[in-house]
Every structure is written in structure tokens, then in C-alpha cells.
Amino acid sequence: MRKPLFLLLFLPQLLLAQYTYNNSLKVNTTGAVTKIASLQYERMLNSNLSFNNTFFYRPKTGIPLGTQLDKIAKKHGVGVTGVDFEYIFVDQSQIGVWGYSPELRYYFGKKKGRAFIGFFGQYENFDATIPASLEARYQDQYIELSKVPINFDIRTLSGGLLIGKQFRFGERIALDFVIFGPHLGKGNTVYAYVEQSLLSRLDESEKAYLEGKIIDRFKLSTEYYDVTVGDEKAEITAFKKVPYFGVRALGLNLGFYF
């Protein structure tokens with residue numbers, strides 16, 4: 001009984017005995033472009049398997065390639081997000097995010113340049129201000145409110161698959177090339193609001209008209225969202241979890257093993 005118990009307790013240490021450095025800290029070298037700062041701590045469990053923790057943060061600021069992303073959102077937004085982006089201007093948005101991602105990673109082979117696959121979970125907290133155009137009715141006139149800033153609070157939980165390749169330079173230095181990382185999950189919190197002085201002057205029928213136009217213009221599903229217009233703000237609230245799809249795109253993480 002003692003021998004099996006000894007092996008069970010000390011097997012991880014025996015597997016790691018042949019490796020000098022089993023811990024690493026990694027930083028995202030593409031942060032200057034994406035404005036995303038990330039720090040990873042990885043613990044090797046054996047020669048091929050590791051557990052990786054990623055913490056990331058992006059200050060609320062404009063996004064790179066905004067014009068291209070705006071075109072993609074307007075063309076494919078309804079199919080991916082369930083929201084019509086025709087009257088939403090992604091290229092003029094300010095988006096911030098922070099989050100955490102645990103990952104179980106498997107490295108193929110023992111070469112210095114080897115591919116890896118990771119199974120990860122991800123929590124994200126988005127703070128965004130995105131301009132959009134709204135249509136309102138006031139005193140029998142139809143008014144186009146152009147590029148009104150809409151404030152978003154979105155919190156998601158998802159899981160996915162990460163594919164990449166690692167290059168080792170000696171025993172202590174490594175470079176992880178992240179190729180692709182799609183993930184699916186739910187938006188546990190989706191809330192947006194608009195503040196406009198015009199709202200306080202609308203009567204009840206005009207507020208109801210604006211509520212309907214918000215739902216119609218952005219193709220919001222009433223299966224997930226409530227829209228309310230008050231005297232101070234118009235609000236969009238998800239009353240149940242919303243399907244969510246994201247992608248961890250190209251990245252280069254420089255690591256130091258210790």
C-alpha cells in the first residue's frame with residue numbers, strides 16, 4: 001500500500017526531474033499594436049503538458065484596424081452577434097477590457113520548435129463607448145440623432161481551443177506564436193445606455209416609438225433584450241444570457257523560464 005501511495009504523491013516530481021526550469025513568465029510583445037497588456041504564468045506538469053494562466057488588460061481607447069472591423073461588422077454582424085451594425089460606428093468606438101484565462105496546454109514532441117494545442121476558459125469584462133445613430137419622434141417631427149455615444153457594460157464567460165507553436169532559445173527563453181483561438185460562451189451581463197437631453201422632452205408615445213426604433217434598427221431579439229426609455233436615459237438590458245463568440249487572434253508571447 002505504501003509503494004503505490006508514494007508513486008501517486010511523487011509522480012509529478014519524478015516526471016519533472018529531468019527538466020531544470022519548469023515555471024515561466026510570459027508577456028505579450030504585440031501589445032504596442034493591440035494595446036492589450038497580458039501576463040502569463042505557466043507551470044510545466046511534465047515534458048508535454050502544462051497549466052497556463054493569462055491575465056490581460058486593455059485601457060479604454062480606440063481600436064486598431066477600426067475601418068476594416070467596421071466594414072466586417074456591418075456585413076456580418078447580425079450573423080455573429082445578433083446585432084445589426086448598419087447604424088453603429090465601430091471605427092469610432094472606445095473599447096476597454098480586462099480578464100483572465102486558465103489553459104491546459106499540450107506540446108507535441110520534444111523539439112525546440114514544437115506545436116501546441118490548448119483548451120482554455122476565458123472571463124472578459126468589457127467597458128465600451130460606441131457611437132450609433134438613432135431615430136426619434138418629437139412633436140410630430142422625425143429626428144435623426146447622429147452618432148450618439150452608447151455606453152456598454154458586457155461580461156462574458158466562454159471556452160475554446162488555442163493553436164500555436166513554441167520556439168525555445170536555450171533553457172530559459174521561449175517565444176510562443178499564437179495562431180488561432182476561437183471560443184464560445186455566454187454574455188452573462190449585457191447592458192447599454194444612452195444619455196440625451198431630448199429624452200426628458202418626449203411624451204410616453206414618443207418614448208414608445210424610440211424603444212421600437214432601437215429594437216428595429218439594431219435587430220435586437222426580444223427573446224434576450226428589454227429596451228426602456230426614461231427621462232434621463234435609454235437602456236438596453238439582456239434579461240438572460242446571450243450567446244457569445246470571440247477569437248484570440250495572432251500573438252507573440254516572450255517567456256522566461258525559471
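In what follows, Ala, Val, Leu, Ile, Met, Phe, Trp, Tyr, Cys and Pro count as nonpolar, Asp, Glu, Lys and Arg as charged, and the others, Gly among them, as polar. The model is predicted, and the structure holds 2 cavities of 30 Å³ or more.

**Nonpolar cores**
- The largest nonpolar core comprises 37 residues, and those with the most contacts inside it are I88, L210, I214, F218, L220, Y225 and I236.
- At least two residues of this core come from each of β4 (94–107), β5 (113–138), β6 (141–169), β7 (173–195), α4 (204–217), β8 (225–229), β9 (233–238) and β10 (242–248), with β5 giving the most, at 7 residues.
- Once its neighbours within four places in sequence are set aside, I214 is in contact with L134, L220, V227, A234 and I236.
- Another core, of 8 residues, lies apart from the largest one and includes Y107, F116, A174 and Y257.

**Largest cavity**
- The largest cavity, with a volume of about 50 Å³, is lined by L134, I150, A192, Y193, V194, I214, F218, A234, E235 and I236.
- By class, this lining has 9 nonpolar, no polar and 1 charged residues, and β7 and β9 each supply at least two residues of the lining.

**Second largest cavity**
- The second largest cavity has a volume of about 30 Å³, and its lining is made up of L134, L145, V194, Q196, L199, L210 and A234.
- Here the lining residues divide into 6 nonpolar, 1 polar and no charged.

Note on methods:
Residues numbered from 1 in each chain as written. Predicted model: local features only at pLDDT ≥ 70, side-chain atom pairs only at ≥ 80, totals over all residues. Heavy atoms only, no water. Core = buried A, V, L, I, M, F, W, Y, C linked by side-chain atoms within 4.5 Å. Buried < 20%, exposed > 50% of the residue type's maximum accessible area, 1.4 Å probe, protein only. Helix = DSSP H or I, 4+ residues; strand = E, 2+ residues; numbered from the N terminus. Contact = heavy atoms within 4.5 Å. 1 Å grid on protein atoms, 1.4 Å probe; cavity = no way out; pocket = protein on both sides within 12 Å on 5 of 7 lines; lining within 4 Å. Points joined across faces, edges and corners; volume = space filled by probe spheres on them.
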